[in-house]
Every structure is written in C-alpha cells, then in structure tokens.
Amino acid sequence: MTGPRVDGPRGRWVGASVPRREDPRLLTGRGRFVDDIRMHGMLHAGFVRATVAHGRLVGVDLSAVREIGGVVAAYTADDLDLGDIVALLDRPPEEFVPTAMPVLARDKVRFVGEPVAIVIGCDPYVVEDGVEAAVVDYEPLDAVVSEETAFAQQAPLVHEEAPGNVLLDVSMFDTPGVDEAFRAAAGDGCVIDLVSRSGRQNALPLETRGVIASWDDRDDQLLVQTCSQVPHQVRTLLARSLGMQERSVRVTVPDMGGGFGQKCVVGREEIAVAAAARRLDRPVKWIEDRREALTAAFLAREQRYRTRAAFDAEGRITAVDADIVCDMGAYSCYPFTAGIEPLMASAEMPGVYKVPAYRVRARAMTTNKAPTAPYRGVSRPQYVMAMERVMDRAARELGLDPVEIRRRNLITEFPYTGINNVTYDPGTYRETLDLAEGVLRDEGWCHLRDGATEQGRHIGIGYSCFSERTGYGSEAFAKRKMQVVPGFDISEIRMDTSGSVVVTSGTMNHGQSHETTLAQIVADRLGLDPGKVKLRQGDTERIAYGWGTFASRSATIGGSAVSVAADRLAEVVRTIGAYLLETRPDNVRLDGAGGVEQVDDPARRLSFEDIADVAYLRSHLLPKGSEPALSATASFDVAGDGTFSNATHAVVVEADPGTGRIRILRYACVEDCGVVINPKVVDGQCRGGIAQGIAGALFEEITYAENGEPSAASFIDYLVPTAAEIPDISVEHLETPSTLTENGAKGVGEGGTIGAPAAVLNAINDALRHTGVSLESTPVHPQSVLAALDSAAQEASNAS
Amino acid sequence: MKPAAFSYHRAHDVPDAIGLLSEFADAGEDPKLIAGGQSLVPMMNFRLARPTALIDLGTLRRDPGMRSIRRDGAELVIGGLATHREVELARCLGPEFEVVSQAMRWVGHLPIRSRGTVAGSIVHGDATAEWCLLALLLDAVIVAEGPGGRRQIPAGEMFHGYYATAVESDEVVTQVRFTRGASGAALTEFARRHGDFATVDAAVSLDADGNRVVLGGVAPAPIRVPEAEAVLAGGPAGPELFAECGAAAAEAIDPPEDAAGSAAYRRRLARTLITEALQQAWEKGGRR
C-alpha cells in the first residue's frame, strides 16, 4: 500500500517482528497455568450458587453437604464473616450510591449464579456432589432485568440503598449552544435521533478464572496463586477483607489464558477460597467451570444510547445530546465501581470528531443479572457505534458520501482540546480514513457494492473512525473520581555476573507478548540481545506496587517504566565502565553488543560481564562511593490526558437473501499506535480485538428471561465465533510517535474491539439500504436481516 | 461440570452388553451404553444425564461387523460403531449413497466426527441430527438387539419426539441399513456458526421411484413433509418447482420458537434450504 507513513524512531530490536519468546513454551504444552499447579494436601472448592435471580435468603442448610464422604467443610457468609467488597467514587450522593458486594451472599441474592456457600472437598467431583446437596430456601422477589423493570414506578429494588435502581447518575457536560444547534439544524441541516443497543457479553478468556490459596507458616504468609490482571489489587483487597496485614498476603500469577478485563477486577470467589484455606490450613484450589464462567463471572457491554445529533447543511456536526444507560448488573466491581462504563462514555463520546456543543447524561443501572467488569474497550465500542451510526445516517439524510461527511468532521489539527475538555495528542485520524477508503476503492469493492443491487445481491460498506485513550495516568483516572486511582507503574532491573538482565514490571502479561516486547525495549536501551533479558511479572513480592495490565497501559506506562529503569542501569554500567577504562564517563558509550566502549578509542571496551564481575565479585575495585549493585528502579506515570491511538476500520458485508446470514467479504484496519514495538504482535492485537468486536456485532449475547434466568450456560447457546466465522483481516500501520511516553508507543490492546461493531453495523445497514429498515442493536440476528430483506422484496413485488 | 458418580463396565461382545444392561436394570440401577460419548458425556458433565452404570462398547469395535461400511446389493450397511469420520472418508458408497458421505461434513467438528458413532447419533435422536434426516431420506432400517432377540425398526417408526426413539433401553443398535439409494439427493443446513446443531436442516431426493423432503429443526423430531413431496410429483423438475416445493413445506410445518429463531424464521429457512437442496440434487443427476 502507498500513502503517508510516519516512521517512528526504531532501534535494533524495537520495530522488528521478533518471534514471541513465550511461544515455544505455550505451544508445546509447557506453559504453567493455575490449574496445572498441584500442592501437597490440596483440597478443591466449589460454590453453591443462587438459583433465583432475586430473593431473600430464608435459610441455607449445609448439613447434608457435610455428610457426603470426601467433603471436608462447607461455609456460609455467617461462617466466614468476611469484609464486604466496596468500591467507591468521590462523588456526591445524588451522583453515586455506594453498594456492597458480600463475598458470599447474605440476607439476599441478586442474580442467578451468585455464590451463597463454599464447599471444600477432596476432589472436584465430590465437591459438585456437595454443592448439589445444599438446601437453600428463598423468598422470591420480582426480578429487575431491563430498563423498563428497573425504572418503573414501584420497581423492586436490587439494593435498598439505591432508589430507582440507579447506582450512578452523572450529567458530565451541558455546554452552551446545544439547544440552539438543534433548532438551527431543524431549519437548515438535519437532526439525527437514534437509539442503539448492545447485548450483554462475556469477555470469555479461554482460561476461566481460578485460584489456589495456601498458608505458609515459615513465611507467615497466605500464598494466593491466581489468574489476575492486577495481582497487587488482589493483594490489597484480600488483606482488607480477611483483616490481615498486607505483608501477610502474597499474590502470584503464572501463565494466563486471557483476561480481556474480566480478570482486572477482584472476584469474590478468590477471597472465599483464601479464607477457606486459612481456616482449614490446607491448600485449596478453585477452577471456575464454563457454566459458572458464562453465568456467574463478570459480564459486560449491555448498554443503551439515545443519541441526538445536529448537523448543518454542509454535514458539519453542531451538537451531540446523549442519554446513556449501562446495565451494570447486580454489583459494583472493585476497584472500578459501576461508574466505569457511564463515566467513560460521558468523558469520551465526541471521540475523533469536532463537536462544538455537547450534552450528556449517563446512568449506571443495577439489575438482577451477573455483575459487569470493564471488558476490552469499556463503553467505547458502544459510543463509537452510536457516533458512527449517526455519521452514516446524517450522510444519507444530507446526500453526502459517508467518507466525505467524516472528513468534514474529523479532528485534523493537534493537539486538540475537545468540547469534552480532553486534549488529544497528535494522530492520523484523516490519514487512516483516506487509506482505508483507498483499499476498498483500489480493490474494487466500491464498484461491486454499487452494482450489487442490479445483480440481486445485498452488499454494503461500513466504516468506523475512532481514537482510543491509552496510557491512562493517575491524573486521567483521578478525573473519574475513583477512590482507588490507578496510573503509575514501577519497574526494577538487575544485571547479574553473566551480564544478563532480569527486569520486573508491574504489568501482567496475559497474552500480550510482554516477554517479547518488553525485552525488545530493554535490549535496545542496554544494547544487548533480547535473549539476555528475562521478564518477571506476577509476584507481589518483587516490587512495591503495580497496577497490572488493563486499559492498553502496558506498552505505554509499563514499557516506559522499563525504559527508564534500563536507562538508569545503563548509566550505572557506564559510570563503572569509565572508571575501569580510566576515562571520563562522557567518553564511554554502550557498544550495542553487550558492553561499553570508549568513544575516542572504540577498541577499548569492557563487556557487561567484565563490569558485573567487578561490581559483585571484586567490589574493592569499584570507584569510591559507588554501590556494589547493578540495579535500578523507576516508576512512570503519564501526565495529563494521556495518549490517543487511532484507527479506521472498513468492512464489506453481504447479506444472504435466503437466510439473512451476514458474510464479511473484506475487513481492513488501518491503525496508528505510535511507535510499533513489534509489528506481528500489534497485528495480533488488532486481529484478536476485531474478532471479539465481530463476536459482539454478530454472535455473542447472554439474554435474561423475565424471571432473571440467563439464556446461555454453555457454548451451545453462547455463540462465540470460530475461525470459520472470522474473515481474514488486513492491518496497516501508521506511526505517530507519542511524546508522552518514553518509547513513543501508544496502547493497542483495545482498538480492534472498539472499531469493529460500528463498522460491521454500518456495513449491514448499507447492505439493507434499499429496505427502509435500519438495525441499531447488536448482535444482529440473521432473522432481523432476513425480515428486512423479505419485506422490501414483498413491497417491490406489490408495487410492480 | 463433573458427572455424578457411576460405575464403569466394558462389554466384550453384543450379548455381553445386552446381559450387562439387563443385569444392572434388574438391580435397580440406571445403566447406559457409551460408544463415542459425544452427546452423552457433555450431558453427564452438566448432570442432565445421570446413569449409574456405563457400559462401554469400545471393545466391540474389534468386531468388523460393528464398524464396517459396505454396500450389500442395493443397500448401504453401516455397523453401529462406525464413526462419522469413517463414513465421511469411505470410498465404497457409490453414487446412490454419495449424499451420506457428503452430509458428514455438516456433523460437528473433526474431533466430534472422529469419535461420534452412527448408531449413537440415531439413538440419541436429536431433531436436527444429520443421521436422523438421512435415515428418513434413505429408508433406513435400524437393527437393534435385545433380550428378546433381534428386531428391525424402519426409520418411519423410529423418531417419536424430543430425544425419543423406538430403541428400548435394554437394546443395542448393531447396524443401520439404508435400503434406498438416491443419486439425486442432497442435504444442506443453516446454523449461525460452522459445526453447530442446525437451526433447520433439509435433506431431499429427486428420484424416479419417488421424491423425498425431510426437515430437521422444525418439529420435536425430524419429519418428512408429504405436502412438499406432493408438489415435486406434480410438475417438471426445475427452479420454479423447487421454489414451489420450498414454499409448500414452509406452509405445512409448525416449527418451534427459541433463541436460534422464531417459528416464522424457521419456516423461511425451510423454504430456502429445501429449494437449495433440490437444486443441488438436480445438478447431481436427479430426475429430469
């Protein structure tokens, strides 16, 4: 492809598609996941889970459970007496209602699948027998399962302290000029008013949640081996809930099979298992099964947007007025709270467009459904879908090309401070759109689409343009008014006597290739082979604190901390090297081959081994006052509003007139995540994210019956797409280096998922352009597509 | 998702399996045969099926008759323990039964096809199972052996309702004989994901000795649609007749409604799939 390409700064390793260093282990079955770990005397746990969506707990009788051979213990909330999980925002009571999530249900249950009791036994089979034997009496209450039931007069309350079933109600913006813009648009321009919805999904990590907890007398410490994106937050909450000193809890994380946000919150099961292990003084393991994962793990995505947008006659957007309701389910998650989705949507909805006036109200609604966690994208797939549908609808109203209307509205001058008071750093909003359009045009898709109707085919093209704030520093998170504010990250680096390096990062790899990409960064900074760099993560003992991996933060914040730590180590090495070479420090540089050399006489060099040998084994030769340690620590935080990645997705779909099936004929992604550390890894992030976005657009949904019964308890009903349903996806990179991160990188973890639903939905509606029907809810069921095609065909035959 | 406790027993031959079934049933237990286990094991893991004794027929695959796939004159004879995959790869079927091997590509995914058995699928009686549709399409006779000896169940008397078949709990299906070849036949289906149970599937044949229209996913069990077959008998083959046949079938059926599709959608799918299948059958050499 030809076009503008901004080449970022690269080193020898950064910018190269270094093969993933974790692959040989993972692909040959030598990875070690939580369920691979067995401990001496280990017991197994399972949960008695609520069978009604909403009900008072009248009695929990575990006597029959305890009589089953092999069952060791069974506990209710009263037996364990643990502190509740409470996530807070610094917001006034009219905006935010704090609610508690008990570790085991107490007094009442609020969703089907909620843990009511924990059963411990000698193997998972016996445990399941025990779970079956529990007798739980409920006094059923009416279930709250929709906006209609939640907001009705006299609606039953999920939490008594949250009137109207609202946990958060924030009107973040109401800038001057909104009403005037709508009045003007109604006269000369157009007003778009649309309601869009997205279904409830499961982030669906291939590896379900799981934990092993054990007490160690010698360390005076509870060891919790779990699969979490945020080991330090698990430690903090565990210590508080169990009433222990934080030093008495150690959280480690082995290999992980995905998280996608579902594991960036602390699960109540982790705490219950830890409490049981402490009480029994035996290791206890819990591995979530798929039925639990689908019904009782954190879900995501279910949101409704009413978006009104005003345009002038030239297709320039003049105002956006949005009302947003996020169905957060039964509880507020820790540490983010139920506010995370509505606050994200409110703060960022104008996105890549120059919106001069903006009003938004967003609510977090609580219902009798499994609670939600921030799944890859976090509200952005939804508001991008709303904005991109608005663009397509307005283009149609005004007789403009969908690409052209976007061009007229995209932000093109940077830095740009939007109506939402967010400052966007430089990106390639316009360039990615031009390139994506060029792909479809050059390959003949536009021609095919235009001629399709005559051939009786239903082919549509859809675009989505978006940016994604990545590298949320503590300043950006603080604006959301969380009481627990993520942001910085810490890295520690050490060199040993063999000149190899161990680097610890507070980030937590769960599929993002950190072992490769962070090693590439260190290799460039120190001038040594990435094979000499080993990454350590997932052990709360190794660094003071970390914020783990979520919100596309690892390359930007974690990678920057690693960069700074490596630079500091390089400085130490150069200083000692200069002393040993008997020259000034500024006359010594890294030689790129695992050593230092003299600038004015490169023949004089010392290897890292030489320097380390002196530092550790012959420290009497060190310069006076220098410490015998080749190590450094650094922390990094992104200042201000963070850095924004951006992309355009372009999709061609065809609707089958006999079945309504949507087939994706072409999927092109043109993205800009700043400096690309490893192109193959970025491609993988984009493609995997897009696959999840397509899943949301066309396949996956957990619905709830009126009584709160979930529809999907297995993969028969939860339609996670397979390789057969996901098309080939082309990915093109532009690079606009970020000035806010040490390495110029912007995050790329979520973009694919953010852009896909909007682009696919636009393409579907374009394929249905002759039907007069517009589909605004995902996932799009083929029967809706077929109904639209059939009614149009019927009308056509009536007319002729 | 761990099964309830059960005892495990390996049958050495068919009489042994029948004997074990009776023995456990007489002792008040709930015995169940297991072959490929592709339906039974997931149901046990969900504890939707709770047999107390499993009798494994795996050893019986050593008996060539139990896994053979062969032509016997005009018939196709398949041993009860032949797997879907073995049928898919079989070279001896001939044009009259080519539709059988072609249909196997619709059966689940490769691992499922490699373990699941022909008899297991037919006895399970899922309303969309390809083998059940093929049985109705090709006049299968299901050979079942039990304490009372051997009996032959015509496909027309086999499927009674949701997962209900004429095979008794003390019987072992040893063979399935397809008694009617049809070179102009096709099976096609619709599912939202590749490899899933079909929302609706259709099997048809266009033959001199009679036309068949069989549907799955539109009733508690797979069904023939006589109204649609009558349309085929009433005119010259061709796209117009096929569309008319599809429409007649859609009119005649009373499909269930669930998350996979409304009754109206299933009717519409039946129309599409029958029309498509007839076209395919015609192109493969069905009645002119």
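Predicted model: local features only at pLDDT ≥ 70, side-chain atom pairs only at ≥ 80, totals over all residues.

Q: Which hand is the crossing of H10(B) and H11(B), left or right?
A: The crossing is right-handed.

Q: Which residues of H10(B) and H11(B) meet?
A: From H10(B), the residues include B:Phe242, B:Cys245, B:Gly246, B:Ala249 and B:Ala250. On the H11(B) side, they include B:Arg267, B:Ala270, B:Arg271, B:Ile274 and B:Leu278.

Q: How many residues does H10(B) have, and how far does it reach?
A: H10(B) covers residues 239-252, which is 14 residues. From first C-alpha to last it reaches 20 Å, close to the 20 Å expected at 1.5 Å a residue.

Q: Which residues of H10(B) are buried?
A: B:Phe242, B:Cys245, B:Gly246, B:Ala248, B:Ala249 and B:Ala250.

Q: And what do the buried residues of H10(B) pack against?
A: Three elements of chain B: strand S13 (212-216), helix H9 (226-233) and helix H11 (263-283).

Q: Switching to chain A. At what angle do H11(A) and H12(A) cross?
A: Roughly 115 degrees, and their axes come within 9 Å. H11(A) spans residues 380-398 and H12(A) spans 402-409. The two helices are therefore roughly perpendicular to each other. Their crossing is right-handed.

Q: Where do H11(A) and H12(A) meet?
A: A:Met391, A:Asp392, A:Ala394 and A:Ala395 of H11(A) meet A:Pro402, A:Ile405 and A:Arg406 of H12(A).

Q: Back to chain B, the sheet this time. What is the strand order?
A: S4-S5-S10-S6-S7, an open sheet of five strands with antiparallel pairing. S4 (69-72) and S7 (149-154) of chain B stand at the edges. Each has a single partner strand, so one side of each lacks a neighbour in the sheet.

Q: How many degrees does the twist average from one strand to the next?
A: It averages 25 degrees.

Q: How many bridges join S4(B) to S5(B)?
A: Four, and the two strands run antiparallel. S5(B) covers residues 75-79. There, B:Glu75 is the bridge partner of B:Asp72.

Q: Which strands does helix H1 of chain B lie across?
A: Strands S6 (140-146) and S10 (172-178) of chain B. H1(B), residues 14-26, runs at about 130 degrees to S10(B).

Conventions
Residues numbered from 1 in each chain as written. Chains lettered and ligands numbered in written order. Pairing = 2+ DSSP bridges. Axes fitted to C-alpha atoms, helices over the stretch in contact; angles between N-to-C directions. Contact = placed C-beta atoms within 7 Å. Expected span 1.5 Å × (residues − 1). Buried ≥ 20, exposed ≤ 12 C-beta atoms within 10 Å, placed from the backbone. Left-handed = near helix turned anticlockwise from the far one by under 90°. Parallel < 35°, antiparallel > 145°, perpendicular 65-115°, else oblique.
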